[in-house]
Structure formats: C-alpha cells, structure tokens
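Please walk me through this structure in a viewer. Tell me what to select at each stop and what is found there.

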Amino acid sequence: MLDKSVSDVDKAREKWTVLPPLELRGVGTPLVESLQSFISRVLATTGMGSKRLAKGLSLKMPSKLIRMGGFSRSNGPDVLELAVDELQSLTGADNLRSGTFWALSKILTADNQSINEKCCRRWCPNCYKEWGPESYEPLAWTVDLLRTCPVHGCLLNNACWSCERPQRPYLDASRRSSCTNCGADLSRSVRWVELHPFLRSVERQVLDLIEFCAESRTEPVPYDVLREFIQGLRRSAGSRRGDILAKQIKQFASCAKLRRRRVSLRSLINLCAIQGVSVSEFLAAPRATSSPLLFDRWGGLTYMPLPTARQAQKIYVASQCMKAYLRERPAYLPPISVFLSRFNVQLLAVRDVAEETYDFYLAAHSVHGDAATQRALRAAYLSATSILAARTQGEPLDAEVVAAMVMRRTEVGLSIARHAVKSAALVRATQAEEVISCYEREMTLDEALDWFVENRQCSRNADGVPPRTRNDAPHRRS
Ligand SMILES: [Zn+2]
Ligand SMILES: [Zn+2]
C-alpha cells in the first residue's frame, strides 16, 4: 500500500516542473510559435526577469535568450542548444526545437532568418491588433522571404510607421506592439501588396519548410541529403558548358563536397526551382528529385531565379545607369561587362528587365570596328578609367592631358585616346555615388524584389519559373 502511494507521488513529481508548464503553440503547422515568442511568454507568465532566466539556463547574457532559436549559426559544442534542453526540462515542453530551424540546422545557414539581436523584428500589424491570450509570434515571421502574413495576407512590417526605426527583437511581451524608439502603436499602418505568382510560390515554399521544421523529430536532417541533391544537379549541369547557372551549381557542388558548406534558405529555394521541384518534395526524396530525368524543367533558365532584395536593387540601378549613359550618346561604348562591372550583377538579369536598352547597347558597341580596333579602344578606355580614378582628389585633369597619357601608355592613336577619355569620364559621371544613391532611393529594398520579378522577361507568364526560349545569351557576345 505504502509503496503504491510513494510511486504515485513520484509519478506526480515527474510531471512537476520548475517553471509553469507552458506548451509551444502551433506545433506541426506552418504557424508554429517561434522559440523567442515562447521564451517571452515564459517571462510574462512567471514575472521573471530575462537576466534570471538566462542565468538559470547557464547563459552569460540575457541577449543570448534571443539567439536561442539560432542553432544553425554555431558550429561545435553549442551552449544555446544546451540551454534549450534546460528550458525543456524546466517547463516540461519536450518539443521546443519545433519552434526553430533545428530540423534543417545541418543544411541551412541563418541567412534569411532574423534570429540574432542585430536583425530587426518583423510583425503583422493586424495580428498585433487582434492580440489575445492565445496569441503568439510565429516562426514564419523571422524569415525575410515571407513578405506577407499567412493569416491576414497584409505585408509584414519591419520598421515603425512613425519614426521608421527598425525594432529590436524583444522579450518583454507587454511592450510588443509599441515602438521601442518613439512608442507609436505598431498595430497601425497596414499595407497590402499584390504578390507576383513567383513570389507567392516562394512564400508557399517557406511555409512548407517551416511546417517541416515544426514537426517533432529526434534528429536534424543530415547534411548528406543536401550534398546528394546538389551533386545530382551538378551531374545534370555537366552538359551545359559555359552557362552561368551551370557554373553556379558547380560552385555549390564543390563547396558541398569539400567544405560541407550549408546554404541559405534562398539558395535552397533557388536550387529546387532550377530543378522544378518544391522544397518539400526535395526534403521527402532528395535523391529522386535531383535525378537528370527531370532536367528538361531547367528549360532556358540561365541564372538563379530568386535574387536578394539588394541584388534586385542593384539590377535596377545598373539598368537606370545604362539608360542614362546611352541618353548622352557616347562616341565609344566599352564592352557591356566592363560598363556594368561596378554593380556586380548578372548581366542576363539586367537584360531581362531592360531588354531594349541592353540590346541597343550591344549593337552600339559592336559598330566600333574590327577586333583589333575594339581591343585598342578597350585598352585605351581601361587606361583612361584608371587615370581618372587615381585622380579623385585635387584639380581634375584636363581631358587632353589624360588623352596624351593614355596614348603613351597604350600606344593608341590620338582620336582613339580622346574617344576613350570622353567615354570614361561620362561613365564616371553617370555612375557617380550620388547618382547611384538617387536611384537607390527611387527603388527601395522593400520594393526591389517585387519590381524585379514583375519586370523580368523570363517570369512574365509564370507561376514558378518557366523556361526562357532565347538561346542566344548576350553574355557570350560581350
Ligand atoms: Zn496577421
Ligand atoms: Zn517609432
């Protein structure tokens, strides 16, 4: 009798937890709660300060609490992971990893996820407006590729509507919906956007991926799943010599083989898009989905279909600079790869958004004469550019003086030297810092990706990534 009652007490004691037994919400769904949100609820429920909780979890600083979801940031023995174990035993929740990208931590980097304290928070103003006792912040909000609220469809915000300041990740749940800088109500300023079908498909992929992470599991997906997939793509890419996309895949494959390098969420979505499969299809069957049998899905795709917002902005700036330069009717046009080199963008992407201008440039460049003249002009142009670049301070050099210097250095005739100097000066003027920042203000990072996807030729009739039909890739000509 006595024995039985002791064992009942023991059983009850097993269920007792030091902290209130909270549960991670939305487990197994794309709307799973983020670990950060769970921690902020623990703090709110217990009234405990973040310092005390951090100490209890053997973390040196309270700010580490915010980074606890970020498994994929660290290599080697991980204090943050031990802290999750500790938090699980304190609260009795055994699935806190479902509120993080732990399931994919061996294959994904933390890029595209804002899980460190420097990154700003993202939120849905409508969700904040309807906030109630059951509310929580979903993991999905931390992924910058997800632009809209999965519940309301409005844009997720990442800065205060009033003072425009980004918001730090917070742990104090009660002050969630007030700006940390000016105190404005963050549930105001609801913005809507009509997403391009391709970007909508990206959002679906992100949510699928989160649903995958949100299931309870015992082990993260092993790295070999990614390696096998990329090597399958690499085998298929072998037949596409000289192609930019094939080169990019080759690079991915060698990084995977030699350094077991993880990829960003964006790259994973790109790699799957190239292969014409969804991220969840890939995760379910990595070997089968990388098979060359699917290869005709590549179609005419020539570069990674989903750029970063920054890349998209650069593509915009490059195309605007090219238009402005052509409006000045330069006598000599350097090769387009040289002209666009400072932007570090895919030439084909620039062509996709400004085809007419791009092709006009190529045509204007090609009339400069035979191969020998082109070589002389190019050498003179590069020489003039470097002379002008070296002269950033002090009196600007007289064009005639520069032309004479170019003549001496490159042994070209005077008329070629003059053309080259004029052209180099014009390129400098049309690509000046202040001109570029003006274009950047015109196309903010917020809008750039939409603009790119909306305007590029290859995605015009697309749901997902359709093939291009042009075989004549301009980068081979320039
Ligand atoms: Zn919402
Ligand atoms: Zn504010």
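Helices here are DSSP runs of H or I with at least four residues, numbered from the N terminus. The model on screen is a predicted one.

**Whole protein.** Start with everything shown as a cartoon. The protein has 22 helices and zero strands. Of its 478 residues, 39% are buried. Among contacts between residues at least 6 apart in sequence, 76% join residues at least 24 apart.

**The cores.** Select Val 350 and Ala 420 next. These two have the most contacts inside the largest nonpolar core, which has 92 residues. Leaving aside residues up to four places away in sequence, Ala 420 touches Tyr 332, Leu 377, Ala 380, Tyr 381, Ala 384 and Val 406. Another core, of 19 residues, lies apart from the largest one; Ile 39, Ala 54, Leu 96 and Leu 171 are among its members. In soluble globular proteins, nonpolar side chains tend to be buried together.

**Helix H13.** Select residues 309-327. This is helix H13, with 19 residues. From its first C-alpha to its last, H13 reaches 27 Å, close to the 27 Å expected at 1.5 Å a residue. After H13 comes Arg 329, whose phi is positive, near 45°.

**H13 against H21.** On the H13 side of the contact, select Ala 309, Arg 310, Ala 312, Gln 313, Ile 315 and Tyr 316. On the H21 side, select Leu 445, Ala 448, Leu 449, Trp 451 and Phe 452. The residues of this contact divide into nine nonpolar, one polar and one charged.

**Two loop residues.** Go to Ser 189, in the loop between helix H6 (125-129) and helix H7 (197-214). The phi of Ser 189 is near 60°, a positive value in a residue other than glycine. Ser 189 counts as partly exposed because it has 15 C-beta neighbours inside 10 Å.

Finish at Glu 411, in the loop between helix H18 (399-410) and helix H19 (414-430). Glu 411 has a phi near 55°, again positive in a residue other than glycine. Is Glu 411 buried or exposed? Glu 411 is exposed, because 11 other C-beta atoms lie within 10 Å and a residue with 12 or fewer counts as exposed.

Terms used: Residues numbered from 1 in each chain as written. Chains lettered and ligands numbered in written order. Predicted model: local features only at pLDDT ≥ 70, side-chain atom pairs only at ≥ 80, totals over all residues. Expected span 1.5 Å × (residues − 1). Core = buried A, V, L, I, M, F, W, Y, C linked by C-beta atoms within 7 Å. Buried ≥ 20, exposed ≤ 12 C-beta atoms within 10 Å, placed from the backbone. Contact = placed C-beta atoms within 7 Å. Nonpolar A, V, L, I, M, F, W, Y, C, P; charged D, E, K, R; others polar.
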